[in-house]
Amino acid sequence: MKNIVIINGNPNSESFNFALAEAYKQGAKNTNASIEEINIRELQFNPNLEFGYQKRTELEPDLLDAIDKIKKADHLVWVFPMWWYGYPAIMKGFIDRTFLPGITFDFKEGKALPEKLLKGKTARIIITSDTPKWYDSLFMKSPAINQFKKGTLEFCGINPVKVTYLSVVKNTTISQRKKWLEEITILGKQLK
């Protein structure tokens, strides 16, 4: 049985991201997978990594629970909007506080690159944007995707990491959103 964790990084519970996360969940319910959810906006934690890696800030119970879910997962589904070519501050704070040495990667003396502690896991990024995909890719070089996919998930050993980029969201019709929701439901059914 596959363990799936759906992580929503949007701070607005009325956003389309919540409908997308629910669509994936509904699709995955048609499988024999175990499904957990992390809605970052609902967690109680300080998003500031106060001391960097010099000194560990005590992890709040919600973060300990989230780390446990991530460690047990076979497949992580991240749903979030792209804002200013990055992801929301609350999601960045969540990553800063949970993707830590000894938890998701580990420094090894004499080695330039750390040990990847999340090997064996896969991920799907579902990112929404008001920037056309061609512009994000061609002119901006996909900074949010590269930062998160390569600089966080793959850095910690998660591979492969697939990306679903949905844009332009702000002026979409109801029928376009319905089509996207159907596509995400299919991804859930396929556990991809």
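This is a predicted model: local features need pLDDT of at least 70, side-chain atom pairs count only at pLDDT 80 or more; totals for chains, interfaces and linings use all residues.
Biologist: Why is helix 1 called oblique to helix 6?

Modeller: Helices (H or I, at least four residues) and strands (E, at least two) are DSSP runs, numbered from the N terminus. Axes are lines fitted to C-alpha atoms, for helices over the stretch in contact, and angles run from 0 to 180 degrees between N-to-C directions. The axes of helix 1 (residues 16-28) and helix 6 (residues 174-190) cross at roughly 40° and come within 6 Å. Angles under 35 degrees count as roughly parallel, over 145 as roughly antiparallel, 65 to 115 as roughly perpendicular and the rest as oblique. Helix 1 is therefore oblique to helix 6.

Biologist: Which residues make the contact between these two helices?

Modeller: Contact means heavy atoms within 4.5 Å. Helix 1 contributes residues including Phe16, Ala19 and Tyr24, and helix 6 contributes residues including Arg177, Trp180 and Lys189. The contact divides into ten nonpolar, three polar and two charged residues, where Ala, Val, Leu, Ile, Met, Phe, Trp, Tyr, Cys and Pro count as nonpolar, Asp, Glu, Lys and Arg as charged, and the others, Gly among them, as polar.

Biologist: What makes Phe16 and Trp180 a tilted aromatic pair?

Modeller: Rings of Phe, Tyr and Trp (its six-membered ring) pair if their centres lie within 6.5 Å; planes under 30 degrees apart count as stacked, over 60 as edge-to-face and the rest as tilted. A search of the whole structure finds 13 aromatic pairs. For Phe16 and Trp180 the centres are 6.2 Å apart and the planes are at 45°, hence a tilted pair. This pair links distant parts of the chain, with Phe16 in helix 1 and Trp180 in helix 6, 164 residues apart.

Biologist: Why is helix 2 called roughly perpendicular to helix 3?

Modeller: The axes of helix 2 (residues 61-72) and helix 3 (residues 89-98) cross at roughly 80° and come within 11 Å. That angle makes helix 2 roughly perpendicular to helix 3. Leu63, Ala66, Ile67 and Ile70 of helix 2 meet Phe94, Arg97 and Thr98 of helix 3. These residues divide into five nonpolar, one polar and one charged.

Biologist: How do you know that strand 1 and strand 3 pair?

Modeller: Two strands pair if DSSP finds at least two bridges between them. Five bridges join strand 1 (residues 3-8) to strand 3 (residues 75-81), so the two strands pair, and they run parallel. Ile7 stands opposite Trp78 in strand 3. Both strands belong to an open sheet of five strands in the order 2-1-3-6-7, with parallel pairing.

Biologist: What makes strand 2 and strand 7 the edges of this sheet?

Modeller: Strand 2 (34-39) and strand 7 (161-167) each have a single partner strand, so one side of each is left without a neighbour in the sheet. The twist averages 15° from one strand to the next.

Methods. Residues are numbered from 1 along each chain as its sequence is written. Side-chain values use heavy atoms; hydrogens and water are left out.
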